[in-house]
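Please look at the sequence and the structure together before reading on.

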Amino acid sequence: MIDRILGKVVERGGDYVVLSTGGLAFRVSVSTASLQEIGSGEEQMLYTYLQVREDALQLYGFKNREERELFLLLIGVTGIGPKVAMGVLSSMEDDTLISAIQGEDVTLLTKAQGIGKKTAERIILELKDKVGGFAPTENAKPIQKRSASDPRSEALEALLGLGYTEKEATYGISSAEGDDMESILKQALKALYRQG
């Protein structure tokens, strides 16, 4: 197995980078989060996973070991292949994913491309006991379970249900005041409308 690659970034695409090392250039599929941290022309090390199929060899790259471990857990879930797993990792931060699994947040998981309600429930069922050992990354917010009775959490869920991303919804909620879900939601929507 190719455990990791250290090389110069010679090309960046929508979901991949090309690393040049030792006279070879490797095309490596990466998540959106990893891609945002990689600049063209930089020396970069990626942890990798090599998928071997009859018709192709596909290399997947990760910014750290934790992201790769989450990927490996996801592809171990029945019905989830590498492309869907990368879609999940691209749709949310690692710690948000762990939080969603631990908090049994089906709604948040279904925001990822290719994940329906049944698949989200399967992810929770199969991985809830396995993600507890993950330590938050250095820059990460602490993992928190969402409380359904918390008005801010309810407003956040409502925004996610309306199609806003986790980042957008969190931004909207952060500027809202009040103790009831409806007023928080209205203020968040106004803030998002003004921003966008």
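The sections below describe the model, its strands, its helices, its salt bridges and its annotated regions.

## Basis of the description

The structure is a predicted model, in which local features need pLDDT of at least 70 and side-chain atom pairs count only at pLDDT 80 or more, while totals for chains, interfaces and linings use all residues. Residues are numbered from 1 along each chain as its sequence is written, and side-chain values use heavy atoms, with hydrogens and water left out.

## The barrel and its strands

Five strands close into a barrel, with mixed pairing, in the order β1-β2-β3-β5-β4. From one strand to the next, the twist averages 55 degrees. Strands (E, at least two residues) and helices (H or I, at least four residues) are DSSP runs, numbered from the N terminus. Two strands are said to pair if DSSP finds at least two bridges between them.

Strand β1 (residues 4-12) and strand β2 (residues 16-21) run antiparallel and are joined by four bridges. The hairpin that connects β1 to β2 passes through three residues. Within this pairing, K8 has S20 of β2 as its bridge partner, and V9 has L19 of β2. Strand β2 also pairs with β3 in the antiparallel sense, over six bridges; here V18 stands opposite R27 in β3. The hairpin of β2 and β3 has two residues between the strands, and G22 takes a positive phi near 55 degrees there.

Residue I5 is found in strand β1. With 4% relative accessibility, I5 counts as buried (buried means under 20% relative accessible area, exposed over 50%, and partly exposed in between, with a 1.4 Å probe and protein chains only). Leaving aside residues up to four places away in sequence, I5 touches L19, T21, F26, Q44, M45, L46, T48 and L59. Contact here means heavy atoms within 4.5 Å. I5 and G61 are 56 residues apart in sequence, and their C-alpha atoms are 8.6 Å apart in space.

## Helices against the strands

Helix α2 (residues 65-75) lies across β1, β4 (43-52) and β5 (57-62), and runs at about 15 degrees to β4. Helix α3 (residues 82-91) packs on the sheet, where it touches β3 (24-30), β4 and β5; the direction of α3 makes about 20 degrees with that of β5. These angles run from 0 to 180 degrees between N-to-C directions, and the axes are lines fitted to C-alpha atoms, for helices over the stretch in contact.

## Salt bridges

The structure holds six salt bridges, each defined as a side-chain nitrogen of Lys or Arg within 4 Å of a carboxyl oxygen of Asp or Glu. In one of them, E67 bonds with K63, the closest N and O atoms being 3.6 Å apart; E67 counts as buried, at 0% relative accessibility. Another joins the side chains of K128 and E104, at 2.3 Å from N to O. K128 lies in the loop between α6 (117-127) and α7 (151-161), and E104 in the loop between α4 (94-102) and α5 (106-109), so the pair ties together parts that are 24 residues apart in sequence. Both are partly exposed: K128 has a relative accessible area of 29%, and E104 stands at 46% relative accessibility.

Salt bridges that share partners join D3, R4 and R68 into one network. R4 forms a salt bridge with D3, with 2.8 Å between the closest N and O atoms. R4 is partly exposed, with a relative accessible area of 38%, and D3 is likewise partly exposed, with 31%.

## Domains and annotation

The domain assignment gives domain 1 (4-62), domain 2 (65-128) and domain 3 (151-193); such bounds come from an automatic or database domain assignment. Taken over C-alpha atoms, the centres of domain 1 and domain 3 are separated by 36 Å.

An unreviewed UniProt entry carries the annotation "domain: Helix-hairpin-helix DNA-binding motif class" for residues 72-91 and 107-126. UniProt positions are given in the numbering used here, feature names are shortened, and annotations may be inferred rather than shown by experiment. In the model, residues 72-91 are 70% helix and 0% strand, with end C-alpha atoms 17 Å apart. Residues 107-126 are 65% helix and 0% strand, and their end C-alpha atoms lie 17 Å apart.
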